[in-house]
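Here is a brief report on the backbone of one protein model. Keep the structure open while reading.

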Amino acid sequence: MNSDTSALFAPIDINGHAVKNRFSVAPMTRITATEDGRATETMTRYYERFARGGFGTVITEGIYVDQAFSQGYVHQPGMTDDVQANAWKSVVRGIKAHGALAIAQLMHAGALAQGNRFRDATVGPSSVQPKGEQMKFYHGKDRYALPAPMTETQIADAIGSFAASAARAVVMAGFDGIEIHGANGYLLDQFLTDYSNTRSDRWGGATENRLRLILETFNAVRAKVGDQIPVGVRISQGKVNDYHHKWSGAERDAEIIFGSLADAGADFIHVTEFEAWQPAFAPRGPSLMHLAKRYAPKATIFANGSLHTIERAVDALNDGADIVTIGRGALANPDLPKRLSDRRVLDDFDPTILGPVADIKASELAM
Ligand SMILES: Cc1cc2nc3c(=O)[nH]c(=O)nc-3n(C[C@H](O)[C@H](O)[C@H](O)COP(=O)(O)O)c2cc1C
């Protein structure tokens with residue numbers, strides 16, 4: 001192996017936590033929890049395979065944070081009480097047994113909720129019809145509901161629920177770190193996005209105001225879990241219901257967003273684009289991972305988006321990423337780091353795994 005690829009297998013430290021290499025599993029919702037949101041034995045086996053296969057970090061699927069408006073999908077796991085937190089223990093144990101860092105992704109679906117057993121209605125920053133249609137492979141159909149604009153109390157409750165869930169994830173379930181889902185069109189990204197947030201109060205308007213919910217959520221989580229726990233935020237331009245969205249402030253928005261997260265003390269920032277290496281804005285301009293590193297040089301940058309080949313992964317490390325996160329490539333190759341290290345060929349991702357619904361299949365557990 002030449003020196004370039006060896007960088008992928010070099011350890012890195014995230015806020016005092018040793019990570020053995022630069023490969024992470026990307027967060028992937030697989031709707032395999034019980035109906036009341038408890039992680040299952042199938043999930044334990046599913047996640048354990050990635051750690052056994054050499055991934056240095058495993059980020060879970062998005063976990064909902066309250067018993068109000070946050071749940072997005074039927075059979076999504078939650079972290080809203082002791083029962084749900086305890087159910088994660090064996091998943092975490094399985095990940096850690098192979099020396100991988102276990103990170104819980106916490107999310108609030110907001111206006112994109114399409115299967116919430118606690119509420120029939122949805123909330124968001126503003127009463128704006130979400131683009132696109134619900135995801136069929138998560139049991140959705142037709143358009144999203146029109147959300148009600150969140151009140152100050154509802155916003156404060158949502159922030160508090162992220163913090164309380166983060167504490168449960170760390171103290172009860174045993175997770176090493178927390179990723180706050182600020183990307184992909186869910187609640188925190190709905191606030192960040194100009195067209196879904198038309199508020200005229202301190203939560204809307206300028207980019208700094210639209211970013212406020214992400215920062216306040218980060219600060220609340222940090223205050224709850226303390227300085228020793230890696231806490232980061234996932235950020236994207238594209239959304240599950242709007243793939244091609246671009247920040248209207250372009251690079252200036254990137255500076256505000258990544259710079260503010262750095263100032264807040266984010267241990268890591270996880271950026272995702274369809275193809276991570278593409279210019280984020282203007283042709284031939286810098287990628288989003290490059291801008292994240294530029295404006296948050298001390299944070300560990302996780303980069304995501306079609307990075308499963310060794311060449312792409314190496315290039316990402318040279319373009320600002322510290323860790324690459326792998327989604328579909330990990331579903332096809334739960335042992336992807338071992339395969340790349342051994343120079344074995346990768347299997348292609350087979351999208352039928354995610355149909356007709358995206359639950360974990362028995363065939364995957366045999367891999
Ligand atoms: C089945 C599936 C479920 C996903 N669920 C989540 C999720 O819960 N949270 C999240 O941030 N991203 C989620 N994503 C997006 C992935 O983390 C990742 O961004 C995407 O797969 C692109 O990376 P890739 O090119 O390596 O596949 C999901 C992707 C897939 C394929």
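Asn15 sits in the loop between β1 (12-14) and β2 (17-19). The model is predicted. Asn15 has a positive phi of about 45°, although it is not a glycine. Is Asn15 buried, partly exposed or exposed? Asn15 is partly exposed, because its relative accessible area is 26%, and the partly exposed class lies between under 20% for buried and over 50% for exposed.

Arg284 is another non-glycine residue with a positive phi, about 65°. The loop between β10 and α10 (288-295) holds Arg284. Arg284 counts as exposed because its relative accessible area is 80%, and exposed means over 50%.

| Residue | Phi | Relative accessible area |
|---|---|---|
| Asn15 | about 45° | 26% |
| Arg284 | about 65° | 80% |

Now the sheet. Eight strands form a closed barrel in the order β3-β4-β5-β8-β9-β10-β11-β12, and the pairing is parallel. On average, neighbouring strands of this sheet are turned by 25° against each other, direction ignored.

Ile63 stands opposite Leu106 in β5. Helix α9 (residues 250-264) packs on the sheet and touches β9 (231-236) and β10 (268-272). The direction of α9 makes about 175° with that of β9.

Last, a peptide bond. Which form does the bond between Gly355 and Pro356 take? The bond is cis, with omega of about -10°. Pro356 lies in the loop between α13 (336-341) and α14 (362-365).

How values were computed:
Residues are numbered from 1 along each chain as its sequence is written. This is a predicted model: local features need pLDDT of at least 70, side-chain atom pairs count only at pLDDT 80 or more; totals for chains, interfaces and linings use all residues. Side-chain values use heavy atoms; hydrogens and water are left out. Two strands pair if DSSP finds at least two bridges between them. Helices (H or I, at least four residues) and strands (E, at least two) are DSSP runs, numbered from the N terminus. Axes are lines fitted to C-alpha atoms, for helices over the stretch in contact, and angles run from 0 to 180 degrees between N-to-C directions. Contact means heavy atoms within 4.5 Å. Buried means under 20% relative accessible area, exposed over 50%, partly exposed in between (1.4 Å probe, protein chains only).
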